[in-house]
Amino acid sequence: MKPVRPETIAAQALHAIDDPTGAVVPPIHLSTTYARDASYALRGRTYTRDENPTPVLAERVLAALEGGAAALTFASGMAAATAAIRAALKPGDHVISPRVAYFALRSWLDRFCKRWGVHHDVVDTTDPAAVKRAMRPTTRLVWLETPANPTWEITDIAAIAEIAHAGGALVAVDSTCGTPVHTRPIALGADLVMHAATKYLAGHSDVLAGALVTARIDATWEQIALLRHDEGPVLAPFEAYLLMRGMRTLYARVERSSRTAQHLASELAGRGVTVRYPGLPTHPQHAVAVRQMQHGFGGMLSIQVGGGAARAVEVVKRLQVWVPATSLGGVESLVEHRYTVEGPDTPTPPDLLRLSVGLEHEADLLDDLVAALS
Ligand SMILES: Cc1ncc(COP(=O)(O)O)c(C=O)c1O
């Protein structure tokens with residue numbers, strides 16, 4: 001088939017037509033095992049853990065969307081991230097991770113490094129000079145997240161990849177909020193891309209899923225595949241089906257959320273709150289975002305309402321359209337006071353509200369926020 005654009009790959013799931021039946025929607029393969037033929041030879045598959053066609057299709061589609069050599073799905077975003085980090089590091093190695101990143105991964109990485117004798121520096125990765133200073137001869141992995149949850153700082157993936165590769169380290173990017181629609185880390189030099197597919201890729205707040213995509217098949221990728229094979233944190237067929245179904249509308253959903261987020265960010269900026277959104281010219285890394293992101297700047301933004309945690313929670317309580325819940329990337333707009341979840345040790349400002357913009361009418365979302373802030 002002649003090469004087609006990512007939107008077409010996603011919408012048609014790589015033109016997947018079920019061979020035996022002609023079904024346009026690939027079936028959910030529930031069988032855990034595969035029969036041998038009359039001569040006792042394998043017909044190509046043995047057992048579900050690595051080979052179930054339903055997750056394998058989602059993996060092929062995601063690898064194509066990210067421009068990677070291969071992808072693997074996992075039972076959650078955390079399962080994917082922790083497999084990648086464990087595969088890339090051994091005791092005595094050094095890892096660099098960002099100051100702003102998904103909270104649960106930050107705390108896991110801290111515990112993992114202490115327990116397994118891995119040296120760890122938390123660095124402001126938006127500053128390539130700081131990453132360069134932090135590099136050591138033993139640095140094997142630079143973990144990035146961009147846009148970074150929940151303040152949406154942007155890291156220049158190409159600049160960091162150059163620094164990391166010069167020092168012999170791999171670069172892995174948590175691109176959950178970038179999605180392949182906005183950011184394609186492999187084209188910018190990253191070695192691994194990670195997704196909490198629970199969020200935008202699946203897109204409907206009804207699947208827990210994770211994924212990794214690799215730029216090439218190398219020893220680290222083989223180690224990741226081995227970890228998944230041995231430990232078994234695979235994506236079950238029904239979840240993989242829902243993920244694939246979600247990815248078919250990825251471009252339409254993400255572009256719409258992103259347009260609405262840009263509108264809300266611009267409208268709210270003049271209304272006495274501090275808006276954190278990479279699409280605003282006032283954002284500290286706006287120039288990097290313009291260079292690195294396509295089709296908009298994402299469906300996530302945060303506002304700082306002033307007046308501390310109590311005022312932020314008060315604003316949430318007054319909202320009637322936005323749903324007060326954790327998570328992000330679904331069709332319904334969610335608001336969360338991250339400080340309540342992360343506790344007093346977090347770098348997240350107490351007056352910050354994280355907004356995940358869904359597919360509702362932009363005026364309903366804006367009116368609700370304006371009323372709650374007044
Ligand atoms: C940026 C980011 N990375 C990773 C994760 C973890 O994903 P999961 O909840 O699927 O384990 C999340 C979840 O909120 C996230 O927002």
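Guide: Welcome! In this structure the side chains of Glu231 and Arg86 meet in a salt bridge, 2.7 Å from N to O. This is a predicted model, where local features need pLDDT of at least 70 and side-chain atom pairs count only at pLDDT 80 or more, while totals for chains, interfaces and linings use all residues. Residues are numbered from 1 along each chain as its sequence is written, and side-chain values use heavy atoms, leaving out hydrogens and water.

Visitor: How many salt bridges are there, and which parts of the chain does the pair Glu231 and Arg86 link?

Guide: Side chains of opposite charge can pair when their charged atoms come close. With the rule used here (a side-chain nitrogen of Lys or Arg within 4 Å of a carboxyl oxygen of Asp or Glu), the count is 15 salt bridges. Glu231 belongs to helix H9 (residues 219-231) and Arg86 to helix H4 (residues 77-88), so the pair links distant parts of the chain, 145 residues apart. Helices (H or I, at least four residues) and strands (E, at least two) are DSSP runs, numbered from the N terminus.

Visitor: Which residues come nearest to the ligand?

Guide: Being near takes a heavy atom within 4 Å. Of the 15 residues around the ligand, Gly77, Met78, Asp174, Thr198 and Lys199 come nearest. The shell divides into 7 nonpolar, 5 polar and 3 charged residues, with Asp, Glu, Lys and Arg counted as charged, Ala, Val, Leu, Ile, Met, Phe, Trp, Tyr, Cys and Pro as nonpolar, and the others, Gly among them, as polar.

Visitor: How far from a ligand oxygen is the backbone atom of Gly77?

Guide: That backbone N or O atom of Gly77 lies 2.8 Å from a ligand oxygen. A polar side-chain atom of Lys199 is 2.9 Å from an oxygen atom of the ligand, and for a side-chain N or O atom of Asn149 the distance is 3.2 Å.

Visitor: Where is Trp152, with its positive phi?

Guide: Most residues other than glycine have a negative phi, and most peptide bonds are trans. Trp152 has phi near 65° and is placed in the loop between S4 and H7. A cis peptide bond joins Thr146 and Pro147, with omega about -10°, and another cis bond joins Asn149 and Pro150, with omega about 10°. Pro147 is in the loop between strand S4 (139-145) and helix H7 (157-166), and Pro150 is also placed between S4 and H7.

Conventions:
A polar contact is a pair of N or O atoms within 3.5 Å; within protein, one must be able to donate a hydrogen and the other to accept it, and residues adjacent in sequence count only if both atoms are side-chain atoms.
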